[in-house]
Amino acid sequence: MTVPTPLIAGNWKMNGLSAALGEARAVAAGAPAKGPRVAICPPATLIHRMGEALAGSPVKLGGQDCHPEPSGAHTGDIAAEMLADAGASLVIVGHSERRADHGETDDLVARKVMAALRAGLEPIVCVGETLEQRQAGEALSIVTGQVRGSLPTALGGKAFSVAYEPIWAIGTGLTPTTAEIEEMHRAIRATLRELFGAAADTAPILYGGSVKAANAGEILRAAEVGGALVGGASLKAEDFLGIVRAI
Ligand code: PGA
């Protein structure tokens, strides 16, 4: 069985002014040369300067979202090509905050994945259920449905990852049990196999939602967990490196 190379990605969300670049420099200095792949996805305003801060380190740079089109009259949006031009090699698409705040559908997320591929970016495609959906016993069907709807067939043979982020675990300090994480990650892996065959076995399935250094070891050792997408605990280098070292 192919084991994906783990990825630990920090999602800074709408956080970070110039002064925060010092944290990125500290991550660059402390990230192990061998071990998981490490990435930081800063707000768009910092991407270029963060690229300079991370230069020469193994830490990769990612965007938090991209528009499906390469250019045009879309005020406030950012094209995948612009992220690549600014030094990014990855991009998060379909984060639940984008789905909720901006009404993003699976179909739109799939178009954003296509944009990422067009620009040579590796997409991190986010999926996850609400608390109501979990309580109604619908979590597996909702999430595997999002995987089917958000991952276009063009991803076959390409580098990508899926991030399972239960919405009720994001920023709340709550996490699913290890058994719940494993059940979901196995279901996502089975869906990826159906969609892309064994070629997708190299795609890591990240867990996201209140990951911190204290719980990272247990989560990252769980079956089919190929890394983490980290929000709050990625903002401080020490916290983030604690997660990187837990793998
Ligand atoms: P959190 O966010 O680690 O702050 O819960 C994770 C995410 O939304 O990617």
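Predicted model: local features only at pLDDT ≥ 70, side-chain atom pairs only at ≥ 80, totals over all residues.
Helix α4 (residues 96–101) provides the largest share of the lining, with three residues.

Packing was examined for two pairs of helices. Helix α7 (residues 139–150) packs on helix α8 (residues 178–196) at an angle of about 35 degrees, and the two axes lie 10 Å apart. The crossing of α7 and α8 is right-handed. On the α7 side the contact is formed by A139, L140, V143, T144, V147 and R148, which meet E183, M184, A187, I188, T191, L192, E194 and L195 of α8. Nine of the residues in this contact are nonpolar, two are polar and three are charged.

In the second pair, helix α1 (residues 21–30) and helix α10 (residues 237–244) have axes that come within 9 Å and cross at roughly 30 degrees. Because angles under 35 degrees count as roughly parallel, α1 is described as roughly parallel to α10. The crossing of α1 and α10 is likewise right-handed. Here E23, A26, V27 and G30 of α1 are in contact with A237, F240 and L241 of α10. The contact of α1 with α10 contains five nonpolar residues, one polar residue and one charged residue.

Terms used: Residues numbered from 1 in each chain as written. Heavy atoms only, no water. Axes fitted to C-alpha atoms, helices over the stretch in contact; angles between N-to-C directions. Helix = DSSP H or I, 4+ residues; strand = E, 2+ residues; numbered from the N terminus. Parallel < 35°, antiparallel > 145°, perpendicular 65-115°, else oblique. Left-handed = near helix turned anticlockwise from the far one by under 90°. Contact = heavy atoms within 4.5 Å. Nonpolar A, V, L, I, M, F, W, Y, C, P; charged D, E, K, R; others polar.
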